[in-house]
Amino acid sequence: MIKVGITGGIGSGKSTVARIFEVLDIPVYHADDEAKWLIANDKSLKIEIIKLLGEEAYINGEYNRSYVSLKVFNDSDLLQRLNSLVHPAVAMHFENWVKSKTTPYIIKEAAIVKSKSGIDHLIYVHASSEKRVERTLKRDNFRTREAVLKIIESQQTEDDFRALADFVIDNESDLLIPQVLEIHKKFISF
Ligand code: ATP
């Protein structure tokens, strides 16, 4: 089974590209959504998070996101330790998910990809910062331009993304489908 990652910064079009693969009947693992689900529901992960951040990390069993965000906001060491609990849990969940799939390849969509461990090929979805701000503001009316720019600054740089990527999808224009089809053809003929 070939494992293909999709990554890119905020508003680059990862989910849109992932949806096109889904239309082609390729299963897509949404790593960020699954991480949220595991944090809220996985018993052993919850125990580890409570050990790290204290009982207040959950209220009546429900994840206390605002408490956790506040705690890790200015403490990069704590954030890293939290990530080192969540990432292996997601990786294991992903590996089990993959086992049930029978297609020639699967897609894993994730906003943060620091290395290619666990995936065979990586697709980077690219659009300019200006385009990403414009599309994100149109999609999420609760965000401000400044807040989106701040997120862009905090994410991997374009050079970082390109250094890891095997394929780049240009999402500045609206011609996504032919680019996805070209990649799809490659993976079904491997
Ligand atoms: P995030 O990291 O914030 O989850 P994302 O990378 O998954 O974002 P999408 O949600 O796919 O990005 O795209 C951001 C917004 O831009 C969406 O509203 C989407 O419909 C729109 N969009 C994506 N690609 C295009 C395009 N080529 N033309 C017009 N709008 C687009």
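The legends below describe close-up views of a predicted model. Residues are numbered from 1 along each chain as its sequence is written, and side-chain values use heavy atoms, with hydrogens and water left out. In this predicted model, local features need pLDDT of at least 70 and side-chain atom pairs count only at pLDDT 80 or more, whereas totals for chains, interfaces and linings use all residues.

**View 1. The shell around the ligand.** The ligand is surrounded by 14 residues, a residue being near a molecule if one of its heavy atoms lies within 4 Å of it. The closest are K14, S15, T16, R139 and N171. By class, the shell holds eight polar, five charged and one nonpolar residue; Ala, Val, Leu, Ile, Met, Phe, Trp, Tyr, Cys and Pro count as nonpolar, Asp, Glu, Lys and Arg as charged, and the others, Gly among them, as polar.

View 2. A polar side-chain atom of T16 lies 2.5 Å from an oxygen atom of the ligand, and for a polar side-chain atom of K14 the distance to a ligand oxygen is 2.7 Å. G13 places a backbone N or O atom 3.0 Å from an oxygen atom of the ligand. Taken alone, the ligand exposes 630 Å², of which the protein buries 72%; accessible areas come from the Shrake-Rupley method with a 1.4 Å probe. Helices (H or I, at least four residues) and strands (E, at least two) are DSSP runs, numbered from the N terminus.

View 3. F94 and W97 form a stacked aromatic pair, 6.1 Å centre to centre with 20° between the planes. Rings of Phe, Tyr and Trp (its six-membered ring) pair if their centres lie within 6.5 Å, and planes under 30 degrees apart count as stacked. Because F94 and W97 are three residues apart in helix α5 (residues 76–99), about one helical turn separates them. Both are buried, that is, under 20% relative accessible area (1.4 Å probe, protein chains only). The charged end of K108 sits over the ring of F94, 4.4 Å from its centre; this term requires NZ of Lys or CZ of Arg within 6 Å of the ring centre and within 35 degrees of the ring normal.

**View 4. Y124 and F161.** Y124 and F161 form a stacked aromatic pair, 4.9 Å centre to centre with 10° between the planes. Y124 belongs to strand β6 (residues 121–126) and F161 to helix α8 (residues 158–164), so the pair ties together parts 37 residues apart in sequence. Y124 is buried at a relative accessible area of 3%, and F161 is buried at 3%.

How values were computed: A polar contact is a pair of N or O atoms within 3.5 Å; within protein, one must be able to donate a hydrogen and the other to accept it, and residues adjacent in sequence count only if both atoms are side-chain atoms. Rings of Phe, Tyr and Trp (its six-membered ring) pair if their centres lie within 6.5 Å; planes under 30 degrees apart count as stacked, over 60 as edge-to-face and the rest as tilted. Buried means under 20% relative accessible area, exposed over 50%, partly exposed in between (1.4 Å probe, protein chains only).
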